[in-house]
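Biologist: Could you take me through this model? I would like to begin with the overall picture and then look at particular places.

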Amino acid sequence: MTILCVRFQLPPMYEAALPQLLGLLEEFTPVIEALPPDGALADLRGAERYFERDAVELASVIRVRALALYGVDCVIGAGPGPMLARMALRDARPGLTRAVPEGEERDFLAGKPVAALPGVGTATARTLCEYGLDTLGRVAAAPPSTLQRLIGAKAGRELHEKAQGVDRGRVVPNGISRSLAADRPFDRDELDAGRHRRALLSAAEELGARLRAVDKVCRTLTLTVRYADRSATTRGRTLKEPTAHSAALTRTAYDMYEALGLQRARVRSIALRAEGLAPAEQAAHQLTFDPVDEKVRRIEEVADRARAKFGPRAVMPGSLAA
Amino acid sequence: MPGFTHLHTVSGFSARYGASHPERLAERALERGMDALALTDRDTLAGTVRFAKACAKAGVRPLFGAELAVAAPEREAERTETSVRRDRRRAPVRGGAFVDESAPRVTFLARDGARGWAGLCRLVSAAHTAEDTPLLSWSDNRADGLTVLLGPDSDVGRALAAGRPDRAARLLAPWREVYGDALRLEAVWHGRTGTGPGSLRLAARTVGFAAEQGIRPVLSNAVRYADPGQGQVADVLDAARRLVPIDATKELDSGEAWLKDAGAMRHAAERIVEAAGFRRDTAHRLLEQTQATAAECLVDPEDDLGMGAVHFPEPHLVGAGRRTAQRALASRAAAGMVLRGYDRRRHYWERMHHELDIIAHHGFASYFLTVAQVVDDVRHMGIRVAARGSGAGSLVNHLLGIAHADPVEHGLLMERFLSKERVVLPDIDIDVESARRLEVYRAIIGRFGTERVATVAMPETYRVRHAIRDVGAALSMDPAEIDRVAKSFPHIRARDARAALEELPELKELAGERERYGKLWELVEGLDALPRGVAMHPCGVLLSDASLLSRTPVVPTSGEGFPMAQFDKDDVEDLGLLKLDVLGVRMQSAMAHAVAEVKRVSGAEVDLDAVPEGDPATYRMIRSAETLGCFQIESPGQRDLVGRLQPSTFHDLVVDISLFRPGPVAADMVRPFIEARHGRAPVRYPHEDLAEPLEGTYGVVVFHEQIIDIVAIMTGCGRGEADRVRRGLSDPESQGRIKVWFAQHATANGYDAETIQRTWEIVEAFGSYGFCKAHAVAFAVPTYQSAWLKAHHPAAFYAGLLTHDPGMYPKRLLLADARRRGVPILPLDVNRSGVAHRVELVSESRRSEGTVWGLRLALSDVHGISEAEAERIAEGQPYASLLDFWERARPSRPLAGRLAQVGALDAFGANRRDLQLHLTELHRGARGGRGDQLPLSGGRRTASAGLPDLTSAEKLSAELGVLSMDASRNLMDDHRSFLRELGVVSAKRLREVQHGETVLVAGAKAATQTPPVRSGRRVIFSTLDDGSGLVDLAFFDDSHDTCAHTVFHSWLLLVRGVVQRRGPRSFSVVGSAAWNLADLLEVRREEGLEGVAARLAGAGGDQGDDPEGGPARRRLAGSDGQPAPTGSAAQDPMERRKIRMSTGYEMHPWADLRPAGEDPAVGRKLWHQSPGSAG
């Protein structure tokens, strides 16, 4: 019962606060795994002895500090392993930390739906439910060979173990691999490809500017198109080289969009997300003999400076200015 | 001031394009002083007849035309081997492709009378031979007697818009070659900017180009709607057609395309000629050209369209050989006399000759021969066929083998069908097995050829739900929201949307948020009754001579590719085309299946047409009112009526069917009839002379035939004249005249004033309602036959019913009925079930009565099974193991899973979930190309995989989901304990409950209706099934506020109500409060009884429960929808809007609608009404 799973109740699109909050956790233990956008796992094995409090008590301390320092509430689940801590989090509320004591894992899990288990996605859950294995108790009771027949050898074995309460996971400390997102909603069903491209261009420009402002580059770009019927299409593409160059981002975004071939789809919003952020100084850049590329990047640098001085609308692509 | 004629006008028949009905256009043309108007709908001539009639009424000369998409002339030079096709756009991942409207459009007007009309018909027919959207290929683009308008949307117009007069001239050449002098260039000014369609510059360029090329220009307004301000509706239609939302930033409708008057058009002409660089006074030349073009187009609706004339197939096609049709008919009828053994009866001969005289008088002999030919053909195919309608009253029809019942014996009159005084086309409807209806169509087409036969169109028009969906989508509303709003409406007219919001209790919630939707309601009402598509009429077939194609545009239907005339059934009659109604009746199919099953299992041949009359077991069953599934007498109201009427002969059935009609209900014939029948009231006749016609119905007028006889006897006029008089009764104006005439003639015949007065009262009350006895006799035949089957071969009868689903009830109710009547239901089994439902021997004893036949469920009822799959499974039987089944029957994965779920594979061992797993692995194995490998040991039994089996509740829900029937047991059985806690009375025990007692009933809703009732109030009738029987419910309007929404939108219901009894077998429950039982069950499970108590205390109405309102309401009570007049009923806002019928019969404005309601909570289509057994 030494692992905590903390979920901060951050307002949406306020991911930037996470690093500070993780700093707060670091005062208790160095073994922290960030779960972006708003959560973290913390291994308190050493801390319990140091602070002479058990994990549940520490959880209260963490919550009080988060509220006092940042005004952010949080929900905390505790358990012997990361998986159980996460499961416990689902039962917790602000002010009530749910803890799974050691030895009671099976009973705790028995009544839970299979989809609650981390690592069981919608597809697996659907398969399991189809065969009547809708709770983890039933999964635990099913013969392991049958589980393997259902969802494959490795997944079946792991699921069987997890359903028994065997949690082999560890908290792996990591830096925050952040991502940046730009959303462009439309106020009605938009079918016009021209306006879609404008939204893409402006989102890519914004992402580029934001990345450059924090000296980061991104490796992957994800496009999410949401439709009127609340469904969405998501496409991701890895950039040729990690970059924060707006023109490169725009090109990739356009390519992904064209591949969708939308005609009559009723688009309600277009979102771009830059993922796999890394420090800009570690990025490689393929030089070319084409002077244009060099010039464009220099102009971008200048434009960034102009924007820093005169505001974000000081310099922008012509098609967005209209 | 010279007038102006609009040469380019579309109506609502241009689906999702035109916004006004033809009648409206004709009216406006009159109001705006035009003396001619053209109708040029897109790709269709369907509006022609309505337009012609409206124009005749308005005194405006109609011009006929059509706007067609025309393919460009192919140029050999451009089509070389090396030319690369433009690559297609990528297939969209979402939302579908754009609707292609790129083909240029040209307007064709019929000019030279019948020749022009024929040309127009041929062009429209030719345009519809293209794949996908209608497109006239260039090679078909030639016809005589047409005037062609090349407007802004034509290829020439587009070239001009693009600023390419050179290209326009080149494109013009082929048009000139074909149409020469009949070519016109059409200028349109809608006040748009730029050079696109509707712009002043394009109009001016067109006029200039015309002058340059020496082609006459005309002015038009490309009218899409009758009045200014309808532009928004046009926008919605555009959006609905293109399947996109309205984009306010794009070019919307200009709002100018309305039927402008001559002044406005002259103003337009002046602006256009000025912009073209001519003097302003040349405008009158443009207008003159337009008028001259209009004046040339002379097509007369009577002479040229053939309205009023009749066209029958040529006599040699209907077996007349070289004789005349009349002589062939006479000899066939005489042969029929001998064949049926009537040849020694004098009055049969007299009647036959009398009828032949009438037929000869009208020259309809070919018609009778045609119908006889069709009926013969159908019979030869082994398909059950029966005549229905007034045609059954003709002896000649009977002799030709068209009608089954002998009209002389049943007292049916020829005059009701056809007389010398009647000048309309007679109509004979024939019923065939629904499952083989299309076969019949093919046979008719094969017999007469496609140049003479076409099916009839049926325009689908906007009603409120569709209108909301299309407008909502055009306005970018949230799809889930649109769905919710649309579904909460009953199936009413779109124009009533706002009134319904205000008045219907079940829409109260929605009415509260109506402001949120802004323009929605207005636009929804704007779409009212506009055609949005066209379908094949389910029963009409046109039969004509070889000139059909030059009088009617014929298009192929989308599914089967039958030729279909663009006109609907009313138009067809006006055009003098002979229409034969071939109705597919599911009951006929069901009975055919039942008979075939009896033959298959026992070898006994059942001839339904020769079942003994007056079978006591059959009438015992009918009198018990357990007539579920019997033709015509299965509805709640009919079961009630049958219970009160207690029929014991065929004639009683005929009367019963006739009484259950709005007419007799309105004239209140039911009560006196039943009183007299059971001897509780004396039989009275207005005069002893009338005893003969009224004898059979205890002095109550039930049939049309009786009115004809009464009038004929009292006034001494012939029956033909009497029938004409009867038809006149429905019109209040002529009613007055008839009254005077009737009194005069009756007095002359020596009747006293009092008798005349009393008789007239009866005749008047009858109005034009009542029922044609010939119809009733035709209906009663299958009624008796189906009841006979139910009484003697119940298992086979249910097998037929379930296979062809003929009734108003969901299949699961029929299954419950079968269970109640002791027919064992055998579960689905891949080794035993057939494609259709089958009869199976369950236990046999030596005496034949002890033999029990069971009903084996059919593979075809499994959700998502294809015909081929079902047949393959049935063919491969028996299967030794799961593997064997998988390999030979080759079911799809989902299908195999469903079969396992409902236990069809139980014979292979293991539990149903284990079977699923094995199936999945078999599927994977097959997909992975390891088809030869045996994943299972090959043994007969399948090994267990240790998965939990389906619980009993899961099995039931699987049955509902897969078969939409609770096959193993009734679904209410699971809730018994809760219902016992509540003290719910079962349907079975309800029979013993006293009149006036308050009870709780519960069950699954089977059918809900709001039929028109005599009191003019809206009553919701519903039937609940609780496993032990059916409970018929009635909700009166004092309970609607609290109950209506629950009743319409829940599937399992708990209802509090008062028991109403009207006879030993006739009772119903008048509901005062209703709850959704599914909700309550969940509350019970989760919160216990306390939660249920809280729910009952909170919701559910307590109103309408007062014992005071008793007597008045109790008289109203009854599930038959025919209660007595109101009296003490509370005044409600609807009172003012009651629809008053000419007979004084009031109707609630929202009665007789298909009520709202949602899909059942479990399973797919659990109940729906099939059109099969409707009256």
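This is a predicted model: local features need pLDDT of at least 70, side-chain atom pairs count only at pLDDT 80 or more; totals for chains, interfaces and linings use all residues.

Biologist: How many helices and strands does chain A have?

Modeller: Chain A has 13 helices and ten strands; helices (H or I, at least four residues) and strands (E, at least two) are DSSP runs, numbered from the N terminus. Its C-alpha atoms fill a box of roughly 65 × 45 × 40 Å along the principal axes. Of the 322 residues in chain A, 36% are buried. A residue is called buried if 20 or more other C-beta atoms lie within 10 Å of its own, exposed if 12 or fewer, and partly exposed in between, with C-beta atoms placed from the backbone.

Biologist: And which domains are assigned in chain A?

Modeller: The assignment gives domain 1 (3–164) and domain 2 (180–285), with bounds from an automatic or database domain assignment. The C-alpha centres of domain 1 and domain 2 of chain A lie 32 Å apart.

Biologist: Is A:Glu241 buried, partly exposed or exposed, and what does it touch?

Modeller: A:Glu241 belongs to strand β8 (residues 232–243) of chain A. It is partly exposed, because 13 other C-beta atoms lie within 10 Å. Not counting residues up to four places away in sequence, A:Glu241 touches A:Ala284, A:His285 and A:Gln286; a contact requires C-beta atoms, placed from the backbone, within 7 Å. By contrast, A:Val56 is 185 residues from A:Glu241 in sequence and 45 Å from it in space, C-alpha to C-alpha.

Biologist: Turning to the interface, how many residues of chain B are in contact with chain A?

Modeller: There are 26 residues of chain B in contact with 24 residues of chain A. On the chain B side, helix α40 (residues 912–927) supplies the largest share, four residues. That side has 14 nonpolar, five polar and seven charged residues. Here Ala, Val, Leu, Ile, Met, Phe, Trp, Tyr, Cys and Pro count as nonpolar, Asp, Glu, Lys and Arg as charged, and the others, Gly among them, as polar.

Biologist: What about chain B as a whole: how many helices and strands?

Modeller: Chain B has 46 helices and 23 strands. Buried residues account for 52% of its 1175 residues. Among its contacts between residues at least 6 apart in sequence, 74% join residues at least 24 apart.

Biologist: Which strands pair with β3(B)?

Modeller: Strand β2 (residues 61–69) of chain B pairs with β3(B) in the antiparallel sense over five bridges, where pairing requires that DSSP finds at least two bridges between the strands. In that pairing B:Ala66 stands opposite B:Phe108. Strand β4 (residues 146–150) of chain B also runs antiparallel to β3(B), joined by four bridges, and B:Ala110 stands opposite B:Leu146 there. Strand β3 (residues 105–110) of chain B has five of its six residues buried.

Biologist: Why is β6(B) described as largely enclosed?

Modeller: Four of the five residues of strand β6 (residues 216–220) of chain B are buried, so the strand is largely enclosed by the rest of the structure. Strand β5 (residues 183–188) of chain B pairs with β6(B) in the parallel sense over five bridges, and B:Leu185 stands opposite B:Pro217. Together with helix α6 (residues 200–213) of chain B, β5(B) and β6(B) make a right-handed β-α-β unit. Right-handed means that, with the strands pointing away from the viewer, the path from the first strand over the helix to the second runs clockwise.

Note on methods: Residues are numbered from 1 along each chain as its sequence is written. Chains are lettered from A and ligands numbered from 1 in the order in which they are written. Two residues are in contact if their C-beta atoms, placed from the backbone, lie within 7 Å.
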